[in-house]
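Here are some quick notes to go with the model. Have a look at it before reading on.

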Amino acid sequence: MRLQLSPEDESFREEMRTFFTTAIPQSMRDTVAARGELSREQWIESHRILHAAGLAVPDWPVEWGGRDWTPLQRHIWRSEMQLAGVPEPLAFNASMIGPVIAAFGTQEQKERFLPATANLDIWWCQGFSEPDAGSDLASLRTTAVRDGDDWVVNGQKTWTTLGQHADWIFCLVRTDPSVKKQRGISMIVFPMDSPGVSLRPIELVDGSVEVNEVFFSDVRVPAENLIGEENKGWDYAKFLLGNERVGIARVGSTKRLLANARRYAHEITADGRPLIEDARIAARLAELENEMVALELTALRVVAHSAGGRPHPASSVLKLRGSQLEQDATALVMDIAGPLSIAAAPDPESDVPEWARISAPGYLNDRKVSIYGGSNEVQRTIIAGTILGL
């Protein structure tokens, strides 16, 4: 099944496809397609190429760099970018704190932060999860106490993705412990090199280091760095996470991964026959491709019904099903690789394909996608309450 596009939207898709496959360096796109790691410099270069063309923050208000696109055009933009293996605009900037500041920040905050955020002059990281407040985020214990013209922050955050690269952090803190836990939370922002901020990397199961623990010890933050109203941080966090979950569906990326899986299944042989001729492999691949069609149509419905820029409750469905399909696709690729998936570090003398060697680390790393952005268990609760009315 293919979407039937109008001539205007077909032209728009060709414009996006041409730009993504010519303006972004091939070396970066190859790294993304191979599920490799980009350097900080590569992230910034790619993001700024997109921003210079007006393609980094199209969901933002037009006055701050957004584009007056239709929901279908926004879907095409993201899908074509992922299919081309283009590094996506840094989510912490483009999909998280940027939209929050645009919606809830003061005019001064918008002028101070939004241009630098859109151009990745400020690299943001997210200070939400804590050791005892992950899926139950409202139980967070990091505090901010007002002291004159400052807030004084103490506590700890964990799983802070790419915090080692970040210039600033947007942080949920408890500012009123006397009220219901969701009501006493505020959002503040401050530089990662502020006195009292320290960072410790966490090595993941696949051997990579992309997340961190961040500690705050009497960090003084100017009062004007409070985003929105005091004790309204929970509302802003829900708004932010709704935006994050739409992107988490990663329709284009998983479609590209499944296309690669089909190619790999033609390359790998078992008993003298290509694996694609194995009925079990062929059936799994066909099933996942059909599920991707359903996910893409759901993504279009969510975007089309996200009134006023606010995420539709069904974004939780995208997060839930999108993460499941991405994990299923990485599992399929690893199974196609078979014993080749447990190959050791790169060896110039080895004839093991690179995609096969990294398939097991990729599979392991992707266990995270059903946790971050709100675990799938939490998404099922949201779906039950806001969509099914249970």
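Where is the place of Asp218?

1. Asp218 has its place in strand S7, residues 211-222 (helices, H or I of at least four residues, and strands, E of at least two, are DSSP runs numbered from the N terminus). Although not a glycine, Asp218 has a positive phi of about 50°.

2. A word on the source: this is a predicted model, where local features need pLDDT of at least 70, side-chain atom pairs count only at pLDDT 80 or more, and totals for chains, interfaces and linings use all residues. Numbering runs from 1 along each chain as its sequence is written, and side-chain values use heavy atoms, with hydrogens and water left out.

3. Asn231 is not a glycine either, yet its phi is positive, about 70°. Look for Asn231 in the loop between strand S8 (226-227) and helix H7 (233-248). Most residues other than glycine have a negative phi.

4. Overall, the protein chain has 13 helices and 10 strands. Its radius of gyration (over C-alpha atoms) is 22 Å, close to the 21 Å from the globule rule for 390 residues, so the chain is as compact as a globular protein of that length. That rule is 2.2 Å times the number of residues to the power 0.38. Along the principal axes, the C-alpha atoms fill a box of roughly 75 × 50 × 45 Å.

5. An unreviewed UniProt entry annotates residues 6-119 as "domain: Acyl-CoA dehydrogenase/oxidase N-terminal"; such annotations may be inferred rather than shown by experiment. This span is 67% helix and 0% strand, with its end C-alpha atoms 32 Å apart.
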